[in-house]
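Try each task before reading its solution.

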Amino acid sequence: MPDGMVQLELSAVKTLAHAALLKAGCNDTNAKAIADTVWQAERDGCASHGLFRIPGYVGSLKSGKVNGHALPKLQRTAPSVLWVDGDGGYTPLALSTMLDDFTALTKSQGVAVAAITNTFHFAALWPEVEALAKKGLCAIACTSYKPCLPPAGGKKPLYGTNPLAFAWPRPNGEPLAFDQASAFMARGDVMIHARDGKQLPDGAGIDKDGNPTNDPNEVLEGAQLPFGGYKGASIAMMIELMAGPLIGEQLSLEAAESDDEDGGPARGGEFILAMDPRKTAQRPISGGNAERLFQAIAEEEGARLPGEGRLQRRAKIAKEGVRIPRELLERIEV
Ligand code: NDP
């Protein structure tokens, strides 16, 4: 391909990721869970959390920071709280280990919280909320990261880019799911702009002196900005608290202090809240008035449901495969 890109079959993504992770010291169970998460990102056209992350995953395995042989453990700390100790591994295995128990807990209690701790999060969040919504549950998930965003009015990074994802089950078809950073742009996208020599849109960040800039390298040295000004900053702060102190995990600033900068993520937690509408609304969700809302959005000219773009990308990629930079492929295959 003339533009330095290579075309891959979607199935090759999992094979490549799995092989690279095994080579970096993961056992098969951990490698499969991470490779599946990377595959889901590429399947849905989210390049910033797909194969692009493999060098980072590999870096933290090789440095010994992340446990490639993690064996997550589950513990009920209250009737509706599932506490997950990820054993110092990457988050995907902790998530796949807890999913069935957490679903059953939410269905029996009506509402449940999963406190995922002692893990390293390097992924998008829609896969877990989508998986819960496919079981008929409404779910919210969030995680924090190393400081990237200043508090409102400040210029020194304090909050992570702190994503929040939400999913809602639908009677016929895929759940509705959105997944968004508290930052104006996900950090992976800022890094991809830097790699590709592209300017950022206005509002994405400031340089180290606090001046607005469109240069991704200056933003990476300075700070990204939250979406929606002080409102986004408050959402980022809420996520710091829920994915940190509320579940006994680190703040972003503490994660950065304890990190060895090996290219992978810092240790952190994930907070998940799931609710069973059959208990909270006392009726099945199918055919309920949520569909009326979605119908009204679909009928509005210029509007669409969040997540619809991702499902369209999924359909396109299923037919056409994935395009990644040749240089990235060569790094993964080393
Ligand atoms: P985007 O801004 O690209 O999209 C955010 C959400 O908005 C998506 O669900 C998207 O749906 C929806 N959306 C976009 N345009 C519209 C529209 N016109 N109408 C309705 N909905 C719309 O995502 P971000 O850059 O904020 O985040 C990207 C990813 O990065 C997320 O998956 C997040 O989890 C991840 N991330 C992970 C971190 C970590 O530490 N693990 C840190 C920060 C981010 P659609 O896909 O359909 O366009």
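This is a predicted model: local features need pLDDT of at least 70, side-chain atom pairs count only at pLDDT 80 or more; totals for chains, interfaces and linings use all residues.

**Exercise 1. Classify the ring pair of Y57 and F122, and say where its two members sit in the chain.**

Solution. Begin with the general idea: an aromatic pair is described by how far apart the ring centres are and by the angle between the planes. For Y57 and F122, the centres are 5.2 Å apart and the planes stand at 85°. Planes over 60 degrees apart count as edge-to-face, so the pair of Y57 and F122 is edge-to-face.

Y57 belongs to helix α3, while F122 is in the loop between β4 (111-120) and α5 (126-133).

Finally, widen the view: ring pairs link Y57, Y90 and F122 into a cluster.

**Exercise 2. Are Y57 and F122 buried or exposed?**

Solution. The cut-off for buried is under 20% relative accessible area. Y57 has a value of 0%, so Y57 is buried. F122 has 7%, so F122 is buried too.

Now look around Y57. Leaving out neighbours within four places in sequence, Y57 is in contact with L21, I34, V38, Y90, F122 and A123.

**Exercise 3. Which residues touch the most other members of the largest nonpolar core, and which elements each supply at least two of its residues?**

Solution. This core has 35 residues, and L21, V38, L51, I54, Y57 and I324 touch the most other members. At least two residues each come from β1 (5-8), α1 (10-23), α2 (28-43), α3 (54-62), β11 (322-325) and α13 (326-333). The largest share, six residues, is from α1. Another core, of 22 residues, lies apart from this one and includes L95, A139, A165 and A167.

**Exercise 4. Which strands pair with β5, and in which sense?**

Solution. Strand β5 spans residues 138-143, and five of its six residues are buried. One partner is β10 (residues 267-275), joined to β5 antiparallel by six bridges; here C138 stands opposite M275. Another is β6 (residues 164-168), antiparallel to β5 over four bridges, where A139 has A167 as its bridge partner.

Conventions:
Residues are numbered from 1 along each chain as its sequence is written. Side-chain values use heavy atoms; hydrogens and water are left out. A nonpolar core is a set of buried Ala, Val, Leu, Ile, Met, Phe, Trp, Tyr and Cys residues joined through side-chain atoms within 4.5 Å. Buried means under 20% relative accessible area, exposed over 50%, partly exposed in between (1.4 Å probe, protein chains only). Contact means heavy atoms within 4.5 Å. Rings of Phe, Tyr and Trp (its six-membered ring) pair if their centres lie within 6.5 Å; planes under 30 degrees apart count as stacked, over 60 as edge-to-face and the rest as tilted. Two strands pair if DSSP finds at least two bridges between them.
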